[in-house]
Amino acid sequence: MPATTKTNFELVSNGILNENPIFRLALSMCPAVGISTTVMNGIMLGIAVLFVQVFSSCTIAAIKNYIHPRIRIPTYTLTIATWVTVIDLVLAAYMPAAYKEMGIFVKLIVAFAIITMRLETFACKNSVPASFWDGIGMGFGFMFGMVALGFVRELLGMGTILGYDVLGFRPLLFFVLPAAGFFCVGIMMAMFNYMEIVYNRKRRAR
Amino acid sequence: MNISKRNYLLSAVWVVIGIFLMAGCATEHRFVKKTAFKETHQIVIEFAGPVDEAWAKNASNYTVYEKPDPDIKLKIQGVALSADRKTVTLTFTDALNQSQPHVLTANHIASEGKTLGTAILSVKKVYLGYLFSILIGAMIINNFVFTKYLGLCVFFGTSQKKSTAVGMGITFTIVIVVSAMMSWFLYQFVLRPYRLDFLQIVVFIGLVSLSVQAVDTILRKVNPLLFKAFGVYLVLVIANCIIIAVPLILADNEYNAFESLMLALGAGLGFLIALFLMSSVRERLELARVPPTYRGLPIAFVVAGLFALAFLGFSGMSIF
Amino acid sequence: MKQIIRITVGLTVSCLIAALVMGSVFVITDKAKKHNEHVDVQETVLGLLGYTKSHPAPSDLKLYSLYRYILTDADTSTLGYVLPVLKGDGVGYQLMVMDLDGQFIHQYPLDMTPEKASEAAERSSALQEVVKPPKTFVYADATIVAKLGKKRLAYLLPGEFPGFKTFIHVMLALDPSFEILGLEITEQEEDPGLGAEIKQDYFKNQFKGKSFEKVKDLHVVKEPLPDEYKAYLESKKAKASPIPEGEVEAIRSRYQDKDIYALTGATISSKAVTDGVKNMVAKFAYRINRLDTVISSRHIPVAF
């Protein structure tokens, strides 16, 4: 794929809507199902992924000319692992309570397919600024997905948003369980599909 | 597989089982055959020969404490001797905390007039049972896909047909066992002694890539047929969250070699079971009338949700 | 050939840079992590003793930590207590070794300041100077003694035990007669909405006020929590409806000697916490009595 000609804004919105990692590209679904039990978790993990994505994209874009093609994948993996370790240590030190809620998932960011894929398809062929904005788009797309899921699950499951008691009672505790994560992601994906079908229909009608 | 290879495999399996059984049987004193917990308040000691009644019935000859608390001696309420004088049952005032190994000291065992020295024995739940419970735990109770929601990308990608699903499952089990053992080794002997814990992530993912590469090369040389069937999935294994979650878990819980092996095996087999179940359903779904918005992944997610609900029924189960 | 050299060099260089980055981040964040942990523990302790921002602790409240180690020499084990002792104007540390039956063996002065004592690594290096191989030592647990003026106000025990999923870490506060003053769950990874409810007031506060005799025989009952008891337990929460004055005493005495009501859908977590607390209290009472006997018989000038 040659270097992109999109504007920076288009890159960002691409990450959030068209190529949303969770709902459209169907990548890194593990945390989407597991950790999206509250909005706070979604925000925290979203920030972590944003950080890793942006920094990895920029690093790879900066050194793309020095990477030998045969060792591409190990280099990506090494970069991602380094940044994941950094964000892991930083979160553990400065936000211990939120970090403990996320358990093992911060360390698992290294295995997210979305980041490696993004490095492979975008960062190694584009300049640092373009990679930066793309990383931001993807990261925010991920965060948006997680927050949307977390919002639905927290509200319907515990009756709170960000810890504040909104409803005063618990509608359906089921939504906090992992099984509901699967259901919610499936339904939201269907919604995105529906929006795409409607959008295509409108475009064809024009 | 041809006959001789199968024989080798079978004998290897028996050797492994034999080692396990032996690990649970021997005790630390030649005169004491076996010690075990009984019900909630009792410990049973089996001797190799009959013991003197006067010695056996004297509760002050025994000291029992939980291994991490050597200064707190448990109170013995009563001692019972069996008719053939080979089995002693100690009953305690408080319920025993059976998840902790206990240390039992029998002072100056007197049997048929001779003193046979002091025996310091450890009483614990059957180790084999513990290993087995880790295996079943990782496989079904805490299934990595349905209860821990890891490895979903690969899960949804390869569960469309039974053949791909089973192939992926088997490849994955092999790689995870190999990489988990290597990770355990490195963690115990390199990372922990030198306090390099923060390098966990990098080292583990490096080991995973190495094991994938190793399995790839070995399979190519040893069994090209197998390689043609499963080789494709090897690349996908790296993008699987489970493959790095297993080393992280065994580092966190500080398991020993056997326990790590059980965990890795359980994770792999659990993944295989999940894939198999999912592919069976998805093959049927292909022929069903699914609304267009739900076709493909959304309906697969809903099905996975139903499976997760079913597996919820296993939670809290504990064998041994 | 040149290719391979280039690849290896490239990989090695990147590995080194990565290691450098991670190492420096580790060193920087480690300090912040330790400081945050320390602040956390302080806040939990003060919260359990009843002091908050609006009701701060008096200036003569002092917290002293003592640490228990198990020393092993070939086949025999002995207990080692790292005790804060009065040294001139300030506080120094001493290792007091006693055998498993509570008899005093020896005491060694330790080269350690109170700030350093809270670090496990510092304690280990100080102990290594007096406990020479082949003797080895293993850390067992810690106790914080809160002293108001000259009297012991409370004992605070950090502890951990297995829960439903992984370990549950708690901080338990006992008064000098071993009645529970409060329980705080510091770390848990239970299911949100089910097992994680152990950190809610209506579960934690059930342990408050249970006497030593009751705790030794504490069980979990699978009955629904009565509404009036729940209102009493949550009376400190922001949006709680106030209970009439006379009622508070009546409710408290009615439920004081009852067993713990299990959480809905989390019996195993409730049992784990109850059994864990029971064990902690029983073992601690036994040990502190022995320690106090030795301290008074040898006239050790302990700071608490």
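Is the crossing of α3(A) and α8(A) left-handed or right-handed? Keep that in mind while you load things up, and remember that this is a predicted model.

**Stop 1: two helices in chain A**

Select residues 39–63 of chain A, which form helix α3, together with residues 128–158 of chain A, which form helix α8. Their axes come within 8 Å and cross at roughly 165°. Angles over 145 degrees count as roughly antiparallel, so α3(A) is roughly antiparallel to α8(A). Now for the opening question: the crossing of α3(A) and α8(A) is right-handed.

**Stop 2: where chain A touches chain B**

Next, bring up chains A and B together. The contact draws 34 residues from chain A and 31 residues from chain B. On the chain A side, the elements that give two or more residues are α2 (29–34), α4 (72–94), α6 (105–108) and α9 (178–205). Pick α9(A) if you want the biggest giver, as this helix supplies 13 residues to that side. Colouring the chain A side by class gives 25 nonpolar, eight polar and one charged.

**Stop 3: the nonpolar cores**

Stay with chains A and B, and select V110(A), I244(B), V246(B) and L263(B). In the largest nonpolar core, which has 126 residues, these four touch the most other members. The element giving the most to this core is α4(A), with eleven residues.

Now centre on I244(B). Which residues does I244(B) touch, not counting residues up to four places away in sequence? From chain A there are L108(A), V110(A) and A111(A), and from chain B there are F204(B), I205(B) and V208(B).

For a second, separate core, go over to chain C: this one has 53 residues, and A154(C), L183(C), I268(C) and F304(C) are among them.

**Stop 4: I295 in chain C**

While you're in chain C, select residues 267–298, helix α8, and find I295(C) there. Is I295(C) buried or partly exposed? I295(C) has 18 C-beta neighbours inside 10 Å, so this residue counts as partly exposed; being buried would take 20 or more. Leaving out residues up to four places away in sequence, I295(C) touches I300(C) and V302(C).

I295(C) and L20(C) are 275 residues apart along the chain, and their C-alpha atoms are separated by 50 Å.

Definitions and conventions: Residues are numbered from 1 along each chain as its sequence is written. Chains are lettered from A and ligands numbered from 1 in the order in which they are written. This is a predicted model: local features need pLDDT of at least 70, side-chain atom pairs count only at pLDDT 80 or more; totals for chains, interfaces and linings use all residues. Two residues are in contact if their C-beta atoms, placed from the backbone, lie within 7 Å. Helices (H or I, at least four residues) and strands (E, at least two) are DSSP runs, numbered from the N terminus. Ala, Val, Leu, Ile, Met, Phe, Trp, Tyr, Cys and Pro count as nonpolar, Asp, Glu, Lys and Arg as charged, and the others, Gly among them, as polar. Axes are lines fitted to C-alpha atoms, for helices over the stretch in contact, and angles run from 0 to 180 degrees between N-to-C directions. Angles under 35 degrees count as roughly parallel, over 145 as roughly antiparallel, 65 to 115 as roughly perpendicular and the rest as oblique. A crossing is left-handed if the near helix is turned anticlockwise from the far one by less than a right angle, and right-handed if clockwise. A nonpolar core is a set of buried Ala, Val, Leu, Ile, Met, Phe, Trp, Tyr and Cys residues joined through C-beta atoms within 7 Å. A residue is buried if 20 or more other C-beta atoms lie within 10 Å of its own, exposed if 12 or fewer, and partly exposed in between; C-beta atoms are placed from the backbone.
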